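Trainee: Please take a close look at one part of this chain. I would like to hear about the salt bridges and what surrounds them.

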Amino acid sequence: MSTEPTSIEGSITPPTSIDFENSGIGASSQAKGTTGKRKATPQSHKGESIGMVIEKCLLNWGIDKLFTVTVDNTSSNDVAIGYLRKKFNPRRGLVQNGKYLHMRCMAHIVNLIVVEGLKEMNKSVERVRGAVRYVRQSPARLQKFKECVVVEKIECKKMLCLDVCTRWNSTYLMLDTAQNFERAFERFEEQDTNFSAELERGEGWPSVDDWDNVRNLRDFLEHFYEVTLRG
């Protein structure tokens, strides 16, 4: 848990907003003439334990007015919010009776949507990933692939990048780059006899339909990628 108050004009401490994601809790408040940063960790991820840690820290810091708490979309966080509402509301510690207390993390919601979208085209993504991985496995293959790019007169200045499959934004970047090089992959397959055989041991060679799927998915992911950059 961290709090980072900043100096403002006036003598009244504004309501506090808390940002709690994964294992960390971040609280930000503004008070005249104060600046600081503190951390605390819940002993358990049970909802009431999380709520108790938040309450304890706020009381220790002399913060008695709460505006919002931003949390991931999990049941334990719902319980934590309920605990805070139960404790703060009777002593008038919630702005507008807690109407805006429970704020769901936008990044987490975006992540859930994107993960579902990736599941729909998982095979196509796996095939393109396999092709990218093969090319990048050795400098000699990569150099041969670059020569194929030149022959095919592909003007894209980006080069293949392999994603971290648990991070959808890196998958977007991989697909965004790879879809430019479909013709280069086809020429590379003609020159490297092991390419197709290696891919067939996995999910297979990316077909025309796979490249169409990847381009559609790339367009879908682009909107969410831009949203995360604005955050």
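Mentor: First, a definition: buried means under 20% relative accessible area, exposed means over 50%, and partly exposed lies in between (1.4 Å probe, protein chains only). The model is predicted: local features need pLDDT of at least 70, side-chain atom pairs count only at pLDDT 80 or more, and totals for chains, interfaces and linings use all residues. Residues are numbered from 1 along each chain as its sequence is written, and side-chain values use heavy atoms, with hydrogens and water left out.

Helix H7 is the part to look at. Helices here are DSSP runs (H or I, at least four residues), and strands are runs of E with at least two; both are numbered from the N terminus. Helix H7 spans residues 182-191.

Start with charge. Side chains of opposite charge can pair when their charged atoms come close. A salt bridge needs a side-chain nitrogen of Lys or Arg within 4 Å of a carboxyl oxygen of Asp or Glu. The count is 13 salt bridges.

Take glutamate 182 with arginine 215: their side chains meet at 2.9 Å, N to O. This pair links distant parts of the chain, with glutamate 182 in helix H7 and arginine 215 in helix H9 (residues 208-230), 33 residues apart. Glutamate 182 is buried because its relative accessible area is 14%. Arginine 215, at 25%, is partly exposed.

Next, glutamate 152. Its side chain forms a salt bridge with arginine 183 (3.2 Å, N to O). Arginine 183 lies in helix H7 and glutamate 152 in the loop between helix H5 (139-151) and helix H6 (168-178), so the pair ties together parts 31 residues apart in sequence. Glutamate 152 also meets arginine 187 in a salt bridge (2.6 Å, N to O). Arginine 187 is in helix H7 too, so this pair ties together parts 35 residues apart in sequence. Glutamate 152 counts as buried at 18%. Arginine 183 is partly exposed at 41%, and so is arginine 187 at 27%.

Now the rings. Rings of Phe, Tyr and Trp (its six-membered ring) pair if their centres lie within 6.5 Å; planes under 30 degrees apart count as stacked, over 60 as edge-to-face and the rest as tilted. There are 11 aromatic pairs. Phenylalanine 185 and phenylalanine 195 are stacked, 6.4 Å centre to centre with 25° between the planes. Phenylalanine 185 is in helix H7 and phenylalanine 195 in helix H8 (residues 193-200), so the pair ties together parts 10 residues apart in sequence. Phenylalanine 185 is buried at 1%. Phenylalanine 195 is buried at 0%. Both belong to one aromatic cluster, whose members also include Phe188 and Trp211.
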